[in-house]
Each structure stands twice: as structure tokens, then as C-alpha cells.
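Subject: Structure handover

Hello,

Here is the structure I promised to pass on. Please open it alongside this note.

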Amino acid sequence: MDNLIIHSYNGSQSVQKAKFKRLFNEAFIRSERMNVALMSLLSLKKGIVFNLVTDEKDNVVGFYYIYSRDNMLFLYYLAVDKEYRGCGYGNKILLHLENTYASNPQSEFYVIAESIREGKDVSDIKIRRSKFYKRFGFELTDYIVYDNSGAYDLYKKSSVKGTDIKQIKKIIKKLNPIEICKIKSEEK
């Protein structure tokens with residue numbers, strides 16, 4: 001497997017921009033896709049990172065969109081091009097994120113992914129994504145995040161007990177200020 005090269009997304013390289021758009025459109029249904037220009041603009045803010053991942057031949061392998069601050073990392077988007085899935089690139093990207101942004105033992109690493117607990121359509125891709133995060137050590141929390149596009153499960157990887165749900169709401173608002181976010185607990 002080639003080494004990964006991380007690039008800030010700026011949309012100026014037309015070949016990479018076209019490949020990114022294809023990947024984004026294939027990986028997420030329309031209602032789940034945020035406006036790319038807005039993502040790029042928001043990434044100018046402190047703590048928000050929007051990066052393309054390429055191999056040594058400059059092939060777009062994937063991308064991620066995160067918020068990192070203090071001891072908290074929040075993964076909003078992660079996608080690997082279908083040509084590279086199953087080759088370890090997703091694991092490599094997550095390791096990069098963990099080592100770069102969440103290496104402190106007190107770090108909290110969160111992910112939201114399409115809900116496998118909510119809604120009628122629990123597709124194969126949702127189940128595969130859930131298993132992927134669980135294999136990487138994430139645990140499904142008791143929280144479901146709702147926005148205009150649907151329901152998302154909140155995963156956490158941390159030695160820190162509990163979840164500061166007020167902080168999570170603030171982070172989601174920073175990553176996507178247009179969506180209305182509600183979070184409910186599945187605790188019984």
C-alpha cells in the first residue's frame with residue numbers, strides 16, 4: 001500500500017476537485033452532503049480541517065472533514081474511494097487522525113455515521129460503516145444525532161467516561177452551521 005499524502009482541500013486543482021466531487025457524491029446520498037464551498041470556507045476557522053488524501057501517484061484515495069480542539073476530535077465525514085476500499089486506507093486515515101489529533105490519553109474521538117438504530121432503511125453500507133468503526137475501537141454511544149438529512153449514531157473512542165452532549169452540539173454547529181441539530185439519548 002502506498003504512503004498517504006494529506007492535502008488541504010481548496011478546490012483549485014481541477015483534476016483532484018473532479019475526483020473529490022465524484023467520491024463525495026458516491027459516498028454520501030444527496031441529503032447527507034454538505035455544500036463543499038461552505039465546508040472549504042469553514043475549514044479556514046481554527047480547529048476545522050478539510051483534507052484530501054492521495055497516494056504517491058496523486059490519486060485521490062479519500063477525504064475527511066473534522067473538528068479538533070483541546071482533547072476532542074470529531075469526525076464528520078470520512079470517505080475512501082471505492083477503488084481503494086478494502087485495502088486498509090480507511091484504517092490508515094483513522095490512525096493518522098488519531099495520532100495527529102487525539103494522541104493524548106485524555107482525548108475523546110467521536111464519529112457520527114448513518115444510524116443503524118433509527119429508520120426503516122438499515123442498508124448494507126450503514127452496517128459496514130458501523131462495523132468498520134467498531135473494529136477500530138469505537139463504541140456506539142446512547143445518543144442519536146438528528147438533523148435535516150436524517151438520523152446519525154454517535155460513536156466514541158476514549159478512556160474518558162461519559163459524553164458532554166452540550167459540547168457535541170456546539171461542535172456540530174461549527175462543522176455544519178446550516179443544519180438544525182437535535183440529539184436524543186437512547187438510554188433506558
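Predicted model: local features only at pLDDT ≥ 70, side-chain atom pairs only at ≥ 80, totals over all residues.

Eight strands make up an open sheet with mixed pairing. Their order is β1-β2-β3-β4-β5-β7-β6-β8. The edges are β1 (5-8) and β8 (182-185). Each has a single partner strand, so one side of each has no neighbour in the sheet. From one strand to the next, the twist averages 30°.

Look at β5 and β7. They pair antiparallel, over seven bridges.

Helix α5 (residues 165-175) lies across β2, β3, β4, β5, β6, β7 and β8. It runs at about 45° to β4.

Helix α3 covers residues 89-101. An α-helix has 3.6 residues a turn, so residues three or four places apart point the same way.

**Aromatics**

The count is 23 aromatic pairs. Take Phe28 and Tyr77. Their ring centres are 4.9 Å apart and their planes stand at 70°, so the pair is edge-to-face. Phe28 sits in the loop between α1 (14-27) and α2 (36-42), and Tyr77 in strand β4, so the pair ties together parts 49 residues apart in sequence. Both residues are buried.

Phe50 and Phe63 also form an edge-to-face pair, at 6.3 Å centre to centre and 75° between the planes. Phe50 is in β2 and Phe63 in β3, so this pair links parts 13 residues apart in sequence. Phe50 counts as buried at 2% relative accessibility. Phe63 is buried too, with a relative accessible area of 0%.

**Cores**

Which residues touch the most other members of the largest nonpolar core? Of its 34 residues, they are Phe63, Tyr65, Phe74, Tyr76 and Tyr77. Strand β4 gives the most to this core, with five residues. Apart from it lies another core of 24 residues, including Phe109, Val111, Phe132 and Tyr133.

Tyr76 deserves a look. Leaving out residues up to four places away in sequence, it touches Met34, Tyr65, Ile112, Asp147, Ile172, Leu175 and Asn176.

**Lys156**

Back to β7, where Lys156 is found. Is Lys156 buried or exposed? It is buried, with a relative accessible area of 8%. Beyond residues up to four places away in sequence, Lys156 touches Glu108, Phe109, Tyr110, Gly137, Phe138, Glu139, Thr141, Lys161, Gly162 and Thr163. Lys156 and Gly137 are 19 residues apart along the chain, and their C-alpha atoms are separated by 8.4 Å.

Best wishes

Technical notes:
Residues numbered from 1 in each chain as written. Heavy atoms only, no water. Helix = DSSP H or I, 4+ residues; strand = E, 2+ residues; numbered from the N terminus. Expected span 1.5 Å × (residues − 1). Pairing = 2+ DSSP bridges. Axes fitted to C-alpha atoms, helices over the stretch in contact; angles between N-to-C directions. Contact = heavy atoms within 4.5 Å. Phe/Tyr/Trp six-rings, centres within 6.5 Å; stacked < 30°, edge-to-face > 60°. Buried < 20%, exposed > 50% of the residue type's maximum accessible area, 1.4 Å probe, protein only. Core = buried A, V, L, I, M, F, W, Y, C linked by side-chain atoms within 4.5 Å.
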